[in-house]
Amino acid sequence: MDNCIFCKIAGGEIPAATLYEDDEFRVILDAGPASRGHALILPKAHYTDLFELPEDLAAKAVKLAKRLLPAMKKALNCDGFHLVQNNGTAAGQTVPHYHLHIIPCYADKGPAAVWTPGECTDEDRELIPKLVKENL
Ligand code: 5GP
Ligand code: ZN
């Protein structure tokens, strides 16, 4: 993709603070971090989101996160992590090139990403599993 900032960063055309690189991925520090050490796993090939990402790359991205977490924990002395991955503008995705956020959390600061819990109705408890199973 010619005009994709993450294609350019992943391919090394635009420099970024890189924690890890192999043939298929580059892992960079987020330019607007939610917390110290906030990193992004970028596949080098362009896929807009998880809908487009091939299964093998999806699995590899999570494996890579699993490998990075202990190293980041030691390096940053953090206490926990969020793994966040936004799909679609409705979900807050601002860069349409698949990326997996690794967000370190620090006990003294609390979770970096929070939401307000709502309520799961009896109707949804019955209906949603049925509808999803029908579409799998
Ligand atoms: P999204 O909202 O799409 O899930 O996340 C996009 C993330 O990319 C944001 O956290 C934002 O700070 C980060 N970001 C956007 N542009 C750049 C950039 O040019 N360089 C780096 N390192 N991070 C970026
Ligand atoms: Zn791209």
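**Figure 1. The chain's surface and overall layout.** The chain exposes about 9100 Å², and carbon and sulfur atoms supply 56% of that area. Accessible areas here come from the Shrake-Rupley method with a 1.4 Å probe, and for residues, only the protein chains shown count as cover. What you're looking at is a predicted model, where local features need pLDDT of at least 70 and side-chain atom pairs count only at pLDDT 80 or more, while totals for chains, interfaces and linings use all residues. Residues are numbered from 1 along each chain as its sequence is written, chains are lettered from A and ligands numbered from 1 in the order in which they are written, and side-chain values use heavy atoms, with hydrogens and water left out. Taken along the principal axes, the C-alpha atoms fill a box of roughly 50 × 40 × 25 Å. Of the chain's 136 residues, 33% count as buried (buried means under 20% relative accessible area, exposed means over 50%, and partly exposed is in between, with a 1.4 Å probe and protein chains only).

Figure 2. Among contacts between residues at least 6 apart in sequence, 54% join residues at least 24 apart (contact means heavy atoms within 4.5 Å).

**Figure 3. The shell around ligand 1.** Sixteen is the number to keep in mind here: of the 16 residues around ligand 1, Asp30, Asn86, Gly92, Thr94 and His101 come nearest. A residue counts as near a molecule or strand if one of its heavy atoms lies within 4 Å of it. Helix α1 (5-10) and strand β2 (25-29) each supply at least two residues of this shell, and the largest share, three residues, comes from α1. Sorted by class, the shell has eight nonpolar, seven polar and one charged residues. For that sorting, Ala, Val, Leu, Ile, Met, Phe, Trp, Tyr, Cys and Pro count as nonpolar, Asp, Glu, Lys and Arg as charged, and the others, Gly among them, as polar.

**Figure 4. Polar contacts to ligand 1.** A polar contact is a pair of N or O atoms within 3.5 Å; within protein, one must be able to donate a hydrogen and the other to accept it, and residues adjacent in sequence count only if both atoms are side-chain atoms. A polar backbone atom of threonine 94 sits 2.7 Å from an oxygen atom of ligand 1. For valine 95, a backbone N or O atom is 3.1 Å from a ligand 1 oxygen. On its own, ligand 1 has 520 Å² of accessible area, and the protein covers 76% of it.

**Figure 5. Histidine 46 in its loop.** Look for histidine 46 in the loop between β3 (39-43) and α2 (55-76). Why does histidine 46 count as buried? Because its relative accessibility is 19%. The histidine 46 side chain reaches the backbone oxygen of proline 96 at 3.5 Å, and a polar contact of 3.3 Å links the side chains of histidine 46 and histidine 97. Not counting residues up to four places away in sequence, histidine 46 touches Met1, Cys4, Cys7, Pro96 and His97.

Figure 6. A disulfide is a covalent bond between the sulfur atoms of two cysteines. The rule used here asks for a pair of cysteine sulfur atoms within 2.5 Å, and by this rule the count comes to zero disulfides. The closest cysteine sulfur to that of cysteine 78 is in cysteine 105, 7.7 Å away, so it's too far for a bond. Cysteine 78 is buried, with a relative accessible area of 2%.

**Figure 7. Serine 35 between two strands.** Serine 35 has its place in the loop between β2 and β3. With a relative accessible area of 14%, serine 35 is buried. A polar atom of the serine 35 side chain lies 2.6 Å from the backbone oxygen of proline 104.

Terms used:
Helix = DSSP H or I, 4+ residues; strand = E, 2+ residues; numbered from the N terminus.
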